[in-house]
Amino acid sequence: MDLLHYLILSMLLFLVGAVGFIVKKNIITMFLCLELMLNAVNLSFIAFARHMNHVDGQILVFFVMVVAAAEAAVGLAITIVMYRNRNSLNVDDADIMKW
């Protein structure tokens, strides 16, 4: 497979993640769509790194994965607190921080 195939797959993954993030109201589904978008970006980084014979893209993927893991941990903690307080995972019910 050449670079174009990887970039088309990456674009499709990102598009599915973006549409899912916009359309869905469940916070867990939104986090999964966000992870899908990050993985699409990782795929394009790896494809460009392999195409240009550099390691820079792989190093960037490592940092994106670290950020994604931290985001997942913080997001899970917020989700648990929200479910305990509101008994719902709907994003529209997340008015905890309103004045």
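1. Where is the place of T79? T79 sits in helix α3. The model is a predicted one. T79 is buried, at a relative accessible area of 5%. Leaving out residues up to four places away in sequence, T79 touches I27, I28, F31 and L89. I27, I28 and F31 are also among the α2 residues that meet α3, and T79 is one of their α3 counterparts.

2. The pairing of α2 with α3. Two packed helices are described by the angle between their axes and the distance between the axes. Helix α2 covers residues 27-52 and helix α3 covers residues 56-86. Their packing angle is about 175 degrees, and their axes lie 9 Å apart. An angle over 145 degrees counts as roughly antiparallel, and α2 and α3 are therefore roughly antiparallel to each other.

3. Who makes the α2 and α3 contact. From α2 come I27, I28, F31, L34, E35, L38, N42, F45, I46 and A49. From α3 come G57, Q58, L60, V61, V64, M65, A68, E71, A72, G75, T79 and M82. By class, this contact of α2 with α3 holds 15 nonpolar, 5 polar and 2 charged residues.

4. The buried side of α3. The buried residues here are G57, V61, V64, A68, E71, G75, T79 and M82. What do the buried residues of α3 pack against? They pack against α2. E71 deserves a look in the viewer: this residue of α3 is on the buried list, and E71 also takes part in the contact with α2.

5. Length and end of α3. The helix has 31 residues. From first C-alpha to last it reaches 44 Å, close to the 45 Å expected at 1.5 Å a residue. Just after α3 comes N87, with a positive phi of about 55 degrees.

6. The pairing of α1 with α2. Helix α1 runs over residues 3-23. The axes of α1 and α2 come within 8 Å and cross at roughly 165 degrees. The two helices are therefore roughly antiparallel to each other. The crossing of α1 and α2 is left-handed. On the α1 side, the contact is made by L3, Y6, L7, L9, S10, L13, F14, V16, G17, A18, G20 and F21. On the α2 side, it is made by M30, C33, L36, M37, A40, V41, L43, S44, A47, F48, R50 and H51. The residues of this α1 and α2 contact divide into 18 nonpolar, 5 polar and 1 charged.

7. Is S10 buried or exposed? S10 is buried, with a relative accessible area of 6%. Apart from neighbours within four places in sequence, S10 is in contact with A40, V41, L43 and S44. L4 is also found in helix α1. L4 counts as exposed, at 53% relative accessibility.

8. Helix α2 itself. Its 26 residues should span 38 Å at 1.5 Å a residue. The end C-alpha atoms of α2 are 38 Å apart, which agrees. I27, M30, C33, M37, A40, N42, S44, A47 and A49 are its buried residues. What covers them includes α1 and α3.

9. L34. This residue lies in helix α2. L34 is partly exposed, with a relative accessible area of 26%, and is one of the α2 residues that meet α3. L34 and F21 are 13 residues apart in sequence, yet their C-alpha atoms are 6.8 Å apart in space.

10. The loop between α2 and α3. Which residue has a positive phi although it is not a glycine? N53 does, at about 55 degrees. N53 lies in the loop between α2 and α3. N53 is exposed, with a relative accessible area of 69%.

11. After α3. D93 has its place in the segment after α3. D93 counts as partly exposed, at 31% relative accessibility. Leaving aside neighbours within four places in sequence, D93 is in contact with R86 and S88. D93 and L36 are 57 residues apart in sequence and 24 Å apart in space, C-alpha to C-alpha.

Conventions: Residues are numbered from 1 along each chain as its sequence is written. This is a predicted model: local features need pLDDT of at least 70, side-chain atom pairs count only at pLDDT 80 or more; totals for chains, interfaces and linings use all residues. Side-chain values use heavy atoms; hydrogens and water are left out. Axes are lines fitted to C-alpha atoms, for helices over the stretch in contact, and angles run from 0 to 180 degrees between N-to-C directions. Helices (H or I, at least four residues) and strands (E, at least two) are DSSP runs, numbered from the N terminus. Angles under 35 degrees count as roughly parallel, over 145 as roughly antiparallel, 65 to 115 as roughly perpendicular and the rest as oblique. Contact means heavy atoms within 4.5 Å. Ala, Val, Leu, Ile, Met, Phe, Trp, Tyr, Cys and Pro count as nonpolar, Asp, Glu, Lys and Arg as charged, and the others, Gly among them, as polar. Buried means under 20% relative accessible area, exposed over 50%, partly exposed in between (1.4 Å probe, protein chains only). A crossing is left-handed if the near helix is turned anticlockwise from the far one by less than a right angle, and right-handed if clockwise. The expected span of a helix is 1.5 Å times one less than its number of residues.
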